[in-house]
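Here are some notes for your first look at this chain. Keep the viewer open as you read and find each residue as it comes up.

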Amino acid sequence: MRTVTVRDNIEFSAALRLPMTVTKDERRRRIDEVLELLHLDEVANVKPRSKELRKRTSIAMELVIEHPILFLDDPTTGLDLRTTTDVISVLRRMSMRGRTIIFSINQPQYSIFRTFDSLTLVASGKVMYHGPAQEALEYFTSKGYEYDSHNNPADFFLDIINGGFSGILDTEEEGQDADKYKEHSQRWHQIPQKLANMYAQSSLYRETRTELDSLLGEQRAERSSALEEITCVTPFWNQLGWIIHRSFKNLKNFQQVTMIQAIVAVLLSVIIGSALRFLQNDCHAVQIRAILLLVLTGFGCMTGLFYSEHVMIKRDCFLHEHTSGYYRVSPYFLGKLAELVPRRLLPSTIFTIIVFIIAGGKTDVNGFFAMILTVMMLACSASSLLLSLGAVMNGPTVPIQIIYFMLMLFISGLSLFYTNFLQDLSWIQYFSIPHYGFTALQHSEFLEQNFCPEHNAAEVSRCQNYVICTGEEFLTIQGIDLSSWGFWKNHVALACIMIIFLSVTYVQLLVIKKKTFLKSLLHFL
């Protein structure tokens, strides 16, 4: 994870993948040892933003577990010469201590190649050679291929697999016929099959096949128990605790974003609070007050987008960590929920308190908590949508959310002025998160409000141009139920939406897990 330090990443891996029997001191010793081994001790408190530092950090997260077998996917790509040499020398020392190191690499330098014990050459999904690395040259020269002593063995092997690419370039420069070049290029497609057949007929293949058959027989007998479930070595509470701990570390490292969000919340709340106070007793501005409440609704929905990149489900990261035995699905899911609370609580609380104090509306405790509860429910419902989209889609979801919320807010705004026009579109409100929050805020704000205090009850009906003098009158025009259920049913709807989206998120995580398991099983079979 790029948003926490190198040490935090390695510590997270050690805390969740080492058995609970390993003491804190032993865990700390392993972390320090790996940091020193990969020359990460000087950058332990730096966030791994560069490609080179991320790669070394990823290797360190695996080394700290001290597995007997270590797989690496192209560990030297993007590294400078010094770092590449350091990484290979570390891997070599580990192999000399009895650990098996397996990694893919493309066109290694000779200094790297000569450290290999075993070599596998692959092209077009077919094995060209598998056996001792130092016998590979002898194998190909015995088949009639000529090797220049000044050539890098890795380049020599690639040249064979590519059908002598350098020779083709020479013929093209000499002005040979283009048809001959085309004929030669067509033979490239036949070379991998030819080399694979040649290897399949060799004594190396027969020896390897004999050894593998006995090993595969043992594995097939044990596969039902070996592949039943991804194994986690730590209990549920430890996994949940460390996931939440990493979330707070992540939040702490984004103080700038938090401050920007807090500043926006303060400025917007001051503007809306001041406007509401100014229009408090203006019988001609009820709809303007409603528009300000619509802005408040928009804030409750959009506040989740500030942290969308860090809160959303990252499928690749989840798959890697889950299949590597970091955690089960349930603690990861609950950890994501716990991550939402502080991110939503701060801006919602600041916003509501300032609006409530400045507006000077209903001063009772119920009015305050009704407003803060509504804004919180809006933010959490919007965040549940964010999580579900992140679990279902493997790509950016913020544009979809912006379009959805802007459209729903626009429709809610039109309903203030064109109630008859939108009757045919009334079904949309059942799918609109802003609609439920906006209705609850209107109910809380306008109920028992008198916007014409200078008039008595008899004069209200004689107001010039028929102004709305009571909140109940406005709510009735909007078709809002005046009973307490008219307020709470919106919160029930938001809670149901939240539960549905969170259920979709959890089920999708289980589906992703199951698909990964089935792929592993098919590969094994």
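How do helix 1 and helix 3 lie relative to each other, roughly parallel or roughly perpendicular? Start with that, and remember throughout that this is a predicted model.

1. **The angle.** Two packed helices are described by the angle between their axes and the distance between the axes. Helix 1 covers residues 6–17, and helix 3 covers residues 51–63. They pack at about 25°, and their axes are 9 Å apart. Angles under 35 degrees count as roughly parallel. Helix 1 and helix 3 are therefore roughly parallel to each other. Their crossing is right-handed.

2. **The contact.** Helix 1 contributes Val-6, Asn-9, Ile-10, Ser-13 and Arg-17 to the contact with helix 3. From helix 3 come Leu-53, Thr-57, Ala-60, Met-61 and Glu-62. Sorted by type, the residues of this contact are five nonpolar, three polar and two charged.

3. **Aromatic pairs.** Now look at the rings. The whole structure holds 20 aromatic pairs. One of them joins Tyr-327 and Tyr-332. Their ring centres are 5.2 Å apart, with 15° between the planes, and the pair is stacked. Tyr-327 and Tyr-332 are both buried.

4. **A second geometry.** Compare the rings of Phe-333 and Tyr-506. Their centres are 5.1 Å apart. Their planes meet at 65°, so this pair is edge-to-face. The cut-off for that label is over 60 degrees.

5. **A link across the chain.** Phe-333 belongs to helix 17 (residues 329–359), and Tyr-506 belongs to helix 23 (residues 484–524). The two residues are 173 positions apart, and their pair links distant parts of the chain.

6. **Buried or partly exposed?** Phe-333 has 11%, so Phe-333 is buried. Tyr-506 has 28% relative accessibility, so Tyr-506 counts as partly exposed.

7. **A cluster.** Some rings gather in a group. One aromatic cluster includes Phe-103, Phe-113, Phe-116 and Tyr-129. Tyr-139, Phe-140, Tyr-145 and Tyr-147 are also among its members.

8. **The whole chain.** Step back at the end. The chain has 23 helices and four strands. Of its 525 residues, 43% are buried. Take the contacts with a separation of 6 or more: residues 24 or more positions apart account for 74% of them.

Definitions and conventions:
Residues numbered from 1 in each chain as written. Predicted model: local features only at pLDDT ≥ 70, side-chain atom pairs only at ≥ 80, totals over all residues. Heavy atoms only, no water. Axes fitted to C-alpha atoms, helices over the stretch in contact; angles between N-to-C directions. Parallel < 35°, antiparallel > 145°, perpendicular 65-115°, else oblique. Left-handed = near helix turned anticlockwise from the far one by under 90°. Contact = heavy atoms within 4.5 Å. Nonpolar A, V, L, I, M, F, W, Y, C, P; charged D, E, K, R; others polar. Phe/Tyr/Trp six-rings, centres within 6.5 Å; stacked < 30°, edge-to-face > 60°. Buried < 20%, exposed > 50% of the residue type's maximum accessible area, 1.4 Å probe, protein only.
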